Amino acid sequence: QVQLVESGGGLVQAGGSLRLSCAASGRTFRSYAMGWFRQVSGKEREFVASIGRSTAYVDSVKGRFTISRDNAKNTMYLQMNSLRPEDTGVYYCATRTSTLASYRKEDYAYWGQGTQVTVSS
């Protein structure tokens with residue numbers, strides 16, 4: 001069984017920064033792709049960033065967010081800079097049993113419980 005636990009969310013003013021963490025346990029972490037998604041109430045969960053053999057980002061966060069991982073700590077990160085009110089949402093980390101990253105939420109089998117990010121204007 002795989003467990004993912006997110007942390008680092010909070011309330012920040014527009015232009016500020018946050019770093020989200022996703023601690024993984026339960027299986028070999030370093031082999032598989034991982035991703036960050038976010039969801040606003042009433043809307044679909046959307047792709048934010050992924051890391052596998054390479055990294056990928058949704059256009060709206062390119063140049064502002066950076067996804068990374070520390071395999072020694074079994075932890076993935078999302079550094080979020082120049083935050084905007086439209087970045088507000090619950091952020092989820094996810095992993096899949098493949099080394100290939102994906103932007104499709106359907107491709108991820110394991111999810112964390114989410115962490116709230118609120119950006120005030």
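**Close-up views of a predicted model**

**View 1. The largest nonpolar core.** Of its 23 residues, Trp36, Val48, Phe65, Met76, Leu78, Met80 and Tyr91 touch the most other members. At least two core residues come from each of E3, strand E4 (34–39), strand E5 (46–51), E7, E8, strand E9 (89–95) and strand E11 (115–120). E3 gives the largest share, 4 residues. The model shown here and in the other views is predicted.

**View 2. Strand E8 and its two partners.** Strand E3 (residues 18–25) pairs with E8 in the antiparallel sense, over 6 bridges. Strand E7 (residues 65–70) is also antiparallel to E8, again over 6 bridges. Gln79 in E8 is the bridge partner of Arg19. Thr66 stands opposite Gln79 too. The hairpin of E7 and E8 has 4 residues between the strands; in this hairpin, Asn74 takes a positive phi near 50°.

View 3. The whole structure holds 4 aromatic pairs. One of them, Phe37 with Tyr108, is edge-to-face, at 5.3 Å centre to centre and 75° between the planes. Phe37 sits in strand E4 and Tyr108 in the loop between E9 and strand E10 (110–111), 71 residues apart. Both Phe37 and Tyr108 are buried. Tyr108 also forms an edge-to-face pair with Trp111, at 6.3 Å and 65°. Trp111 counts as partly exposed because its relative accessibility is 26%. Phe37, Phe47, Tyr108 and Trp111 make up one cluster.

**View 4. Arg45 over two rings.** Arg45 lies over the face of Tyr92, 3.6 Å from the ring centre. Arg45 also lies over the face of Trp111, at 4.9 Å from that ring centre.

Note on methods
Residues are numbered from 1 along each chain as its sequence is written. This is a predicted model: local features need pLDDT of at least 70, side-chain atom pairs count only at pLDDT 80 or more; totals for chains, interfaces and linings use all residues. Side-chain values use heavy atoms; hydrogens and water are left out. Two strands pair if DSSP finds at least two bridges between them. A nonpolar core is a set of buried Ala, Val, Leu, Ile, Met, Phe, Trp, Tyr and Cys residues joined through side-chain atoms within 4.5 Å. Buried means under 20% relative accessible area, exposed over 50%, partly exposed in between (1.4 Å probe, protein chains only). Rings of Phe, Tyr and Trp (its six-membered ring) pair if their centres lie within 6.5 Å; planes under 30 degrees apart count as stacked, over 60 as edge-to-face and the rest as tilted. A charge sits over a ring if NZ of Lys or CZ of Arg is within 6 Å of the ring centre and within 35 degrees of the ring normal.
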